[in-house]
Amino acid sequence: MDFHQWLGDSWCVLFSHPADYTPVCTTELGAVAKLKNEFARRNVKVLAVSVDPLDSHHGWIKDINETQGCTMNFPLIADADRNISTLYDMIHPNADSTAAVRAVFIIGPDKKIKLVLTYPATTGRNFPEILRAIDSLQLTANHKLATPADWKDGEDCIVVTAVTDDDAARLFRKGLRKVKPYLRYTPHPKN
Ligand code: BEZ
């Protein structure tokens, strides 16, 4: 696949797995397959990578579908030569010199990396958090806003400090709540 061509105008979640036929990864791939509609409505394409060959992936995908009650619906790269895992720094020699850690890259339609998460092999990822981060990234790509701790889509947002009060009043007509000069909230633009 040509990554940039495949991605087109979509966002991407690229995430790595230590190896095929491993229990935590099996649950993660099933969880992501079941979130298909959530990724689709955010215009996000999902791409997994595991450092095992294609024939191994085919057998493992059958197990994932069987045990997780899902149908795998996104590509799983066979990175047997570790080319992609190495380029993206997914292999951390202090953890394991050959297997990838659990890395997550959220990539924008401009093909630039917007967010990186790294988990150890023994900790499965929280995909609602990844969706939440995508909501924040997509909002802040289009508005001079930031999102506070534990923010969820639809909740009040923070006006970035580079925006003056006068500009904030003009830009955010739904209201401005000034707690401190540097801490100003406004309703989510979609509300
Ligand atoms: C897992 O995916 O279950 C796993 C992989 C490597 C080490 C520990 C757990």
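Mentor: His143 has a relative accessible area of 32% and is partly exposed; buried means under 20%, exposed over 50%, and partly exposed lies in between (1.4 Å probe, protein chains only). This is a predicted model, in which local features need pLDDT of at least 70 and side-chain atom pairs count only at pLDDT 80 or more, while totals for chains, interfaces and linings use all residues. Residues are numbered from 1 along each chain as its sequence is written, and side-chain values use heavy atoms, with hydrogens and water left out.

Trainee: Where does His143 sit?

Mentor: His143 is in the loop between H6 and S6. Helices (H or I, at least four residues) and strands (E, at least two) are DSSP runs numbered from the N terminus.

Trainee: What share of the residues is buried?

Mentor: Of the 191 residues, 40% are buried. The accessible surface is about 10,200 Å², and carbon and sulfur atoms account for 52% of it; such areas come from the Shrake-Rupley method with a 1.4 Å probe, and for residues only the protein chains shown count as cover.

Trainee: What about contacts between residues at least 24 apart?

Mentor: Those make up 61% of the contacts between residues at least 6 apart in sequence. Contact means heavy atoms within 4.5 Å.

Trainee: Next topic, the largest nonpolar core. Which of its residues touch the most other members?

Mentor: Val13, Phe15, Leu29, Phe39, Phe74 and Ile106 do, in a core of 26 residues. A nonpolar core is a set of buried Ala, Val, Leu, Ile, Met, Phe, Trp, Tyr and Cys residues joined through side-chain atoms within 4.5 Å. Strand S1 (11–17), helix H2 (23–34), strand S2 (44–50), helix H4 (54–68), strand S4 (102–107) and helix H6 (127–142) each give two or more residues to this core. The largest share, 6 residues, comes from H6.

Trainee: What does Phe15 touch?

Mentor: Leaving aside residues up to four places away in sequence, its partners include Leu29, Val32, Val46, Phe74, Val104, Arg125 and Phe127.

Trainee: Charged residues now. Is Arg184 buried or exposed?

Mentor: Arg184 counts as buried because its relative accessibility is 2%. It lies in strand S9 (residues 183–186).

Trainee: Which backbone oxygen lies 2.7 Å from a polar atom of its side chain?

Mentor: That of Val163. Not counting residues up to four places away in sequence, Arg184 also touches residues including Cys157, Thr161, Asp165, Leu176 and Lys178.

Trainee: And Asp135, buried or exposed?

Mentor: Asp135 is buried, with a relative accessible area of 11%, and is part of helix H6. Its side chain makes a polar contact of 2.7 Å with the side chain of Arg42. A polar contact is a pair of N or O atoms within 3.5 Å; within protein, one must be able to donate a hydrogen and the other to accept it, and residues adjacent in sequence count only if both atoms are side-chain atoms. Not counting residues up to four places away in sequence, Asp135 touches Arg42, Trp151 and Asp153.

Trainee: Backbone next. What is phi of Asn43?

Mentor: Phi of Asn43 is near 60 degrees, a positive value in a residue other than glycine. Most residues other than glycine have a negative phi. Asn43 lies in the loop between helix H3 (36–41) and S2 and is partly exposed, at 37%.

Trainee: What about phi of Asp150?

Mentor: Asp150 has a positive phi of about 60 degrees although it is not a glycine. Its place is the loop between strand S6 (145–146) and strand S7 (157–159), and it is exposed, with a relative accessible area of 65%.
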